[in-house]
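Hi,

Here is the structure I promised to pass on. Please open it alongside this email; my notes follow.

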Amino acid sequence: MADSKIITAAGLRDRLAGSRLPADPTDVVMPPGSDRWPPRMREQLTKSLTPAGVLVPLIERAADELSVLLTQRSADLKHHAGQVSFPGGRMEAADADIAATALRETHEEVGIAREAVTVIGYLEPMPTITGYAVTPVVGLVDAMIEIEVDRTEVEYAFEVPLGFLLNRDNRRLVEREVRGSVAQMVEFHYEGHRIWGATAFIIMQFIKTIKIK
């Protein structure tokens with residue numbers, strides 16, 4: 001199990017204090033193990049990418065207990081339909097930066113106002129096979145917020161204890177076929193929810209950033 005002192009809100013602030021908003025939101029970091037993926041699959045992740053931002057929303061439910069808010073995407077969406085995701089989406093011209101994108105999309109998808117989020121850090125941009133360069137923005141969310149999901153994009157939102165995600169015993173290494181290529185990936189299974197793909201990679205990137213192995 002992870003040290004409970006590290007997973008407090010204050011501990012995370014300290015761990016992420018040196019992170020910065022990326023100067024180029026399309027300058028991506030490839031997923032671990034991607035050097036062993038088939039060339040065609042790697043090529044899909046390095047071609048021209050569209051910048052996007054997601055919020056990694058952390059809610060302090062007790063003095064030493066944080067949870068991560070995730071969404072179950074609508075089955076009718078063009079991209080990532082029916083998958084578990086962080087709230088977020090593509091950058092728009094009116095967005096000041098990629099953090100503004102993540103906060104705007106979070107408000108649109110789950111009703112969390114920008115004022116209810118305290119941004120405490122950033123992760124490096126990562127690619128998706130759907131053609132996006134996704135920058136995760138880590139934020140502490142007011143525990144008193146009420147979730148109001150946009151049903152056109154999100155079926156529902158749910159929370160996963162951060163301690164569950166930090167526990168190595170809850171990581172599953174699996175092989176998945178993606179567009180005709182087979183790759184090893186990490187998944188998490190929590191109360192009937194399968195957390196995989198880009199979302200699982202963001203979680204693993206987050207764990208690496210806060211120095212929890």
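Start with serine 19. Beyond its neighbours within four places in sequence, serine 19 is in contact with Ile120, Gly121 and Tyr122. Bear in mind that this is a predicted model.

Serine 19 sits in the loop that runs between helix 1 (9–16) and helix 2 (39–44). Its relative accessible area is 16%. The cut-off for buried is under 20%, so serine 19 counts as buried.

Next, helix 1. Which residues are buried there? They are Ala9, Gly11, Leu12 and Leu16. These four cover an arc of only 155° around the axis, so they lie on the same side of helix 1. In an α-helix there are 3.6 residues a turn, so residues three or four places apart point the same way.

What do the buried residues of helix 1 pack against? Among the strands are strand 1 (50–62), strand 2 (65–73), strand 5 (117–122) and strand 7 (132–141). Helix 4 (162–166) and helix 5 (197–209) are also packing partners.

Last, glutamate 191. Find it in the loop between strand 10 (181–190) and strand 11 (193–195). Buried or exposed? Glutamate 191 has a relative accessible area of 66%, so it is exposed, the cut-off being over 50%.

Best wishes

Terms used. Residues numbered from 1 in each chain as written. Predicted model: local features only at pLDDT ≥ 70, side-chain atom pairs only at ≥ 80, totals over all residues. Heavy atoms only, no water. Helix = DSSP H or I, 4+ residues; strand = E, 2+ residues; numbered from the N terminus. Buried < 20%, exposed > 50% of the residue type's maximum accessible area, 1.4 Å probe, protein only. Contact = heavy atoms within 4.5 Å. Arc of directions from axis to C-beta.
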